[in-house]
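Visitor: Could you take me through this structure by way of a few questions and answers?

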Amino acid sequence: MTKSIHFKSDSCEWGTPPDFFRKMQDKYGSFDLDVCATRESAMCDRYFDPSVDGLKQDWGGLCWMNPPYGRGI
């Protein structure tokens, strides 16, 4: 039996699919802050990237998070 790989990446950083984000905005409203992003993956104008350690920051408003994940996390 062969195992198939659905997703493969050399990084643990995966962006949120835009369609999924829009569905979440439709359900919950407009998000104010992406608390776990990079400049390329941020879903909000305001975001925390790895350089600022989002766990040490003040979160306010409606927050979005798509954390990194994978075997190395």
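This is a predicted model: local features need pLDDT of at least 70, side-chain atom pairs count only at pLDDT 80 or more; totals for chains, interfaces and linings use all residues.

Guide: Residues are numbered from 1 along each chain as its sequence is written, and side-chain values use heavy atoms, with hydrogens and water left out.

Visitor: In what order do the three strands of the open sheet stand?

Guide: Strands here are DSSP runs of E with at least two residues, and helices are runs of H or I with at least four residues, both numbered from the N terminus; two strands pair if DSSP finds at least two bridges between them. Strand E1 (residues 33-34) and E2 pair in the parallel sense over two bridges. The three strands form an open sheet with parallel pairing, in the order E2-E1-E3.

Visitor: Why is one side of E2 and one side of E3 left without a neighbour in the sheet?

Guide: Strand E2 covers 46-47 and strand E3 covers 63-64.

Visitor: Which residue in E2 is the bridge partner of Asp 34?

Guide: The pairing of E1 with E2 is parallel and runs over two bridges. In E2, the bridge partner of Asp 34 is Tyr 47.

Visitor: How far apart are the closest N and O atoms of Asp 19 and Arg 22?

Guide: A salt bridge is a side-chain nitrogen of Lys or Arg within 4 Å of a carboxyl oxygen of Asp or Glu, and by this rule the count comes to three. Asp 19 and Arg 22 are three residues apart in helix H1 (residues 18-28), so about one helical turn separates them. In their salt bridge, the closest N and O atoms are apart by 2.3 Å.

Visitor: With which side chains does the side chain of Thr 16 make a polar contact?

Guide: Thr 16 lies in the segment before H1 and is buried, at 8% relative accessible area. A polar contact is a pair of N or O atoms within 3.5 Å; within protein, one must be able to donate a hydrogen and the other to accept it, and residues adjacent in sequence count only if both atoms are side-chain atoms. The side chain of Thr 16 makes such contacts at 3.3 Å with that of Trp 64, and at 3.2 Å with that of Asn 66.

Notes: Buried means under 20% relative accessible area, exposed over 50%, partly exposed in between (1.4 Å probe, protein chains only).
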